[in-house]
Amino acid sequence: MPQRVPWFRLNRELPHKRRLILSFLSFVLPLASWCIISYVPFVWHPMRKITDPGDVTWISRDQLVDGDAFETANAQARSQGRKEASGTPANPVFLPAPHEVARALFTGFTTRPPRPEEPWLHQSLWHSITVIFWGFFASSVIGVPLGVLCGALPAMARLNEPFIEFFRYLPAPAFGALAVAVLGIHDPPKIAIIFIGTFFQQVLVIANTTRRVDPALLEAAQTLGASRRQLLFRVVVPGVITDIYTDMRILLGWAWTYLIVAELIGVSSGITYFINQQAKYRNYDKVFASIFLIGLIGFFSDVFLAALGRRLFPWARTARGSWMGTVARIFRGKREAETRERAAEEDVAPA
Amino acid sequence: MMGAIELPSHTEQPPEVRERFRRLKARPVILEVKKLVKAFETPHGTLCALDGVSLEAHRREFLCVIGPSGCGKSTLARILAGLEDSTSGEVLLDGAPIRGPGPDRGMVFQAYTLFPWLTVLRNVMFGLEVTEACSRDQAEREARQWIELVGLKRFTDSYPHQLSGGMKQRVAIARALANRPRILLMDEPFGALDAQTRSQMQAYLLQIWKAVDVTIVFITHDLEEAVYLADRILVLDAHPGRIRELVEVPVPRPRRPEHFVSPSFLATRKHLEELIHPGSYDHNELPMIRMTQVGDDVE
């Protein structure tokens with residue numbers, strides 16, 4: 001009889017099948033709870049959706065009424081011998097059911113905005129993506145080289161890091177009013193907020209990553225005749241580039257959080273504007289759909305970047321992160337095992 | 001057990017070995033270390049890792065450095081490589097004092113220091129590229145030859161993580177030799193390998209050394225390794241690190257694994273052991289207190 005392996009063990013990688021099951025469950029479980037709350041009538045459902053107002057004057061058909069108020073009104077109607085209202089249990093308007101959100105997700109792109117001057121969903125989304133791109137891009141163009149320099153040269157670190165360390169505690173949204181005053185009311189102040197939110201963290205994170213370069217590699221390169229400049233560009237940079245890439249993926253996620261604040265500054269725009277507008281119209285299914293869209297974009301861009309990373313850095317053996325990495329490893333695993341087998345053989349046989 | 005065999009003196013050299021040493025010493029001195037001192041400041045006072053170490057290595061000599069842990073043998077290698085400064089004293093390479101690390105002194109470390117982002121080929125080419133010693137094509141051609149010399153032709157385009165420990169060290173040796181250094185410094189290069197791979201690597205190293213004009217300074221704590229590889233063995237004392245003796249190994253070349261049990265080998269080994277652990281057999285009994293109730297019949 002095969003030995004029973006416990007599911008919860010400290011510091012042990014799980015068998016492949018279990019990893020897949022758990023990754024699957026991590027999405028299915030929240031979705032399932034949402035379904036239960038939405039579709040099982042006796043779970044929560046504090047409201048009543050009126051199917052027939054009866055003789056209760058203040059209720060009309062299809063109205064959402066608070067459960068207690070509904071009971072009180074009916075009790076009153078009963079005592080006065082009038083016809084009671086009837087309704088089905090329902091959730092508040094701000095919690096749409098999964099199928100409603102799914103429908104909103106599909107129809108969101110095809111529905112004409114209520115007013116002609118308002119942007120379509122895809123236009124809002126694209127606007128957000130451009131803002132985040134330029135903010136993150138501008139930050140990285142300066143932040144990555146500066147971070148690497150601070151990590152590699154203690155003098156640079158001493159010169160820059162104390163101030164940056166201080167500045168990163170200033171909340172980026174606090175600069176909103178200032179940014180609008182300086183840069184106008186359209187996209188530039190939004191890009192500036194993302195820049196401020198990203199840049200200072202970025203320099204420190206990348207400097208710290210750079211400091212983790214293996215000193216033995218630097219010494220080896222020195223004994224091979226590398227100059228200081230060559231040490232920086234041929235050892236430090238390639239030595240930490242995979243870790244910096246991972247840092248950048250995490251930082252990009254942070255940039256998305258600043259996006260929501262940034263888009264409220266000046267003329268509200270992008271996906272935030274879309275969400276706010278839909279909330280005003282009480283289209284909560286569309287609000288949820290938009291939030292999901294942001295999540296999906298974030299998730300799939302990260303999966304894409306992870307896959308790109310494996311292409312760019314073939315020497316990095318362990319692909320960190322997502323379950324897509326696991327999928328990729330299944331296909332690569334066989335080839336790698338063969339190479340390693342070959343290596344083992346070679347070592348035993350005399351050269 | 002060892003005492004049962006009558007061992008010759010380690011100073012007794014067969015004629016062919018004596019002739020070898022005569023020729024060796026006639027060769028020019030490549031490396032000259034003069035009164036090297038290295039002191040570290042610690043919270044408990046000054047620690048003298050090396051105290052007046054002087055030595056000479058001739059061209060194509062294989063010099064091993066052994067000593068108890070803490071005798072400063074790694075420090076010596078790092079100073080020779082230029083990775084550390086000495087407190088006082090001088091290191092001359094071909095008569096000129098060394099200044100900082102340079103491609104004329106190759107180094108192989110105990111930790112695998114291959115660049116993980118470069119293939120085997122590019123790793124071996126690294127030194128030739130940074131020193132711009134020759135054109136890229138020429139560098140690649142030479143690198144391929146070195147890779148062939150260390151027997152890794154099939155792995156030219158592999159990345160380091162695809163190689164075993166022994167293969168990584170062979171690449172490291174090829175990488176260091178590609179610069180055509182005057183001396184090759186090896187700081188316990190096989191220390192991290194398992195016993196089988198290690199003895200294989202020792203044999204490889206002797207083969208490689210035979211094909212290349214290079215002086216090797218090899219740091220180790222493994223006495224048998226030292227006797228098997230070296231022409232001469234520098235024995236260091238610890239605290240402070242001073243030269244105890246310079247031993248000429250009487251085992252003839254080419255060395256083969258069967259030399260491990262030859263009388264001259266065993267005699268040298270025994271002598272080294274006495275130098276490094278004098279009377280250690282009297283002191284290595286631990287003051288054992290009985291912690292459990294073990295019946296006398298258990299012994």
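User: Thank you. In β3(A), what is the bridge partner of R48(A)?

Analyst: Please keep in mind that this is a predicted model. The bridge partner of R48(A) is P89(A), which belongs to β3(A).

User: Which strand pairs with β1(A) over three bridges?

Analyst: That is strand β2 (residues 64–66) of chain A, again in the antiparallel sense. There, K49(A) has L64(A) of β2(A) as its bridge partner.

User: How is chain A divided into domains?

Analyst: The domain assignment lists domain 1 (47–98) and domain 2 (121–312). The centres of domain 1 and domain 2 of chain A, taken over C-alpha atoms, are 50 Å apart.

User: What about L105(A)? Where does it sit?

Analyst: L105(A) lies in helix α3 (residues 98–108) of chain A. Leaving aside residues up to four places away in sequence, L105(A) touches A289(A) and F292(A). L105(A) and I271(A) are 166 residues apart in sequence, and their C-alpha atoms are 14 Å apart in space.

User: Why does L105(A) count as partly exposed?

Analyst: L105(A) has 18 C-beta neighbours inside 10 Å, and therefore it counts as partly exposed.

User: Now chain B. How many helices and strands are there in it?

Analyst: Chain B has nine helices and ten strands. Of its 299 residues, 42% count as buried.

User: What does its C-alpha trace span?

Analyst: Along the principal axes, the C-alpha trace of chain B spans about 75 × 55 × 45 Å. The radius of gyration of chain B is 21 Å, which agrees with the value near 19 Å that a compact globule of 299 residues would have. As for contacts in chain B between residues at least 6 apart in sequence, 71% join residues at least 24 apart.

User: What is the strand order of the open sheet of four strands?

Analyst: The order is β2-β1-β4-β5 (chain B), and the pairing is antiparallel. Strands β2 (45–58) and β5 (96–97) of chain B stand at the edges with a single partner strand each, so one side of each has no neighbour in the sheet.

User: And which residue of β4(B) stands opposite V37(B)?

Analyst: S88(B) of β4(B) stands opposite V37(B). Strand β1 (residues 29–42) and strand β4 (residues 88–93) of chain B run antiparallel and are joined by five bridges. Helix α2 (residues 73–81) of chain B lies across β1, β2 and β4 of chain B, at about 65 degrees to β2(B).

User: What about the open sheet of six strands? Which order does it have?

Analyst: Its order is β6-β7-β8-β3-β9-β10 (chain B), with mixed pairing. The edge strands, β6 (105–108) and β10 (243–248) of chain B, each pair on one side only. Direction ignored, neighbouring strands of this sheet are turned by 15 degrees against each other on average.

User: How many bridges join β6(B) to β7(B)?

Analyst: Four bridges join β6(B) to strand β7 (residues 183–187) of chain B, and the two run parallel. V108(B) stands opposite M186(B) in β7(B). Helix α5 (residues 165–178) of chain B lies across β6 and β7 of chain B, at about 170 degrees to β6(B).

User: How many residues of strand β8 of chain B are buried?

Analyst: Five of the five residues of strand β8 (residues 215–219) of chain B are buried. T215(B), V217(B) and I219(B) point one way from β8(B), while I216(B) and F218(B) point the other way.

User: How does β8(B) pair with β7(B) and with β3(B)?

Analyst: β8(B) pairs with β7(B) in the parallel sense over five bridges, with I216(B) as the bridge partner of L184(B). Strand β3 (residues 62–66) of chain B also pairs with β8(B) in the parallel sense, over four bridges.

Technical notes: Residues are numbered from 1 along each chain as its sequence is written. Chains are lettered from A and ligands numbered from 1 in the order in which they are written. This is a predicted model: local features need pLDDT of at least 70, side-chain atom pairs count only at pLDDT 80 or more; totals for chains, interfaces and linings use all residues. Two strands pair if DSSP finds at least two bridges between them. The radius of gyration is taken over C-alpha atoms; the globule rule is 2.2 Å times the number of residues to the power 0.38. A residue is buried if 20 or more other C-beta atoms lie within 10 Å of its own, exposed if 12 or fewer, and partly exposed in between; C-beta atoms are placed from the backbone. Two residues are in contact if their C-beta atoms, placed from the backbone, lie within 7 Å. Axes are lines fitted to C-alpha atoms, for helices over the stretch in contact, and angles run from 0 to 180 degrees between N-to-C directions. Domain bounds come from an automatic or database domain assignment.
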